Amino acid sequence: MKKRILLTCISTMLYAFTAFGSNITVMLNDTAIAYTQSPVLKNNTTCVPMKQTLEAFGAIVSWNEPTKTVIARKGNLIVSACQNSKTLIITKGEQTNRITMPVAAYIENGTMFVPLRPLSQAFQADMTWDSNTNTANIKMNNSIILQKTDKKTIQNKTGDTIWQANISYPELQGESEAFLNINETIKNDVYTSLSAAENDISDDVVLENAAMPYSFDCDYSITYLDDNTISFLLDYYEFTGGAHGMPFRQAYTFDLNNGNQLQLKDILNIEDVESFVKDAFKNNIEQNPENYFSNAIDTVNSEQFLYDFYIEQNKIVLFTQPYLLEHYANHYQPTVIDTQQIQNILKIQI
């Protein structure tokens, strides 16, 4: 009898370890969410830290202490859950839905945990579970964005391919004038750059043995998207021989309601935007001098200083083109402005 009781206890302990000790990974659009507290399996349900997961989904998260409620906002979507409740409340515009979760929200070590699947459903994300690796794979549905691609090649007089181009850029799905204007701007910029690169290639070029064809590539990444604003990057890379090619990055932030491309003066409610930006760059350079040229601050202070920016959740990211402030290996060093620290000067919600 004692042996049976002992075996039962061991089995119980092993189950508890399997349920709560196994490493669980949550992949969002092929990138692991870096949790400070690990997800757990509770009653065969994957539970995750609610705040970090919501922020990864692009939401702004707040905490209501009197009601012990986590509240997340992304555009016109509001998602909330309170401690010890199995109800996830989802409000979009004027419509409110309530999802019953398999496990009640609970707090552990000061962090609210909720089941992952209903949280993903609230953001219309697709989730699959890989039991072999204890991995949840989540894909956010940017349903308004279609990927457009194109390819071109140039051959020399002997029929060898001497240049090839591969481009990929986003196209917004919708018939609004705003979307049409945004799409026209993107397409014009991409094909203007493509044509300039193509016109520089002569069919008299002869590649030496084992030499790589010249190339021109363009890819994109969406860095921010809500019901009112989109921000994204076009990353170009042109190779015309030598040790490496030359990258170039173009950033865009658009108002989805009117199609206007936003500048920092449209986002920051301050009189001297340029001084604000230069101070941010100089502060970053002073904190990370090893990433920059020794005269980087002088360059920032010059009248010819050029920069660009894009938006991420709770961030405005400033950058310059390669070789302006840093070596090639360190290009696109980000100067990050935390929007949670400048709420009083923001014109839009980020």
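**Salt bridges and a sheet in a predicted model**

Me: How many residues apart are E55 and K51 in helix 2?

Reply: E55 and K51 both belong to helix 2 (residues 50–56) and are separated by about one helical turn. Helices (H or I, at least four residues) and strands (E, at least two) are DSSP runs numbered from the N terminus. The model is predicted, so local features need pLDDT of at least 70 and side-chain atom pairs pLDDT 80 or more, whereas totals for chains, interfaces and linings use all residues. Residues are numbered from 1 along each chain as its sequence is written, side-chain values use heavy atoms without hydrogens or water, and the separation of E55 and K51 is 4 residues.

Me: What is the distance between the closest N and O atoms of E55 and K51?

Reply: The two residues form a salt bridge, that is, a side-chain nitrogen of Lys or Arg within 4 Å of a carboxyl oxygen of Asp or Glu. E55 has a relative accessible area of 25% and K51 one of 43%, so both count as partly exposed (between buried, under 20%, and exposed, over 50%; 1.4 Å probe, protein chains only). The closest N and O atoms of E55 and K51 are 2.6 Å apart.

Me: Which strands stand at the edges of the open sheet?

Reply: The sheet has 3 strands in the order 19-20-21, with antiparallel pairing; strands pair if DSSP finds at least two bridges between them.

Me: In strand 21, which residue is the bridge partner of L318?

Reply: Strand 20 (residues 315–319) and strand 21 run antiparallel and are joined by 4 bridges. The partner of L318 in strand 21 is T335.
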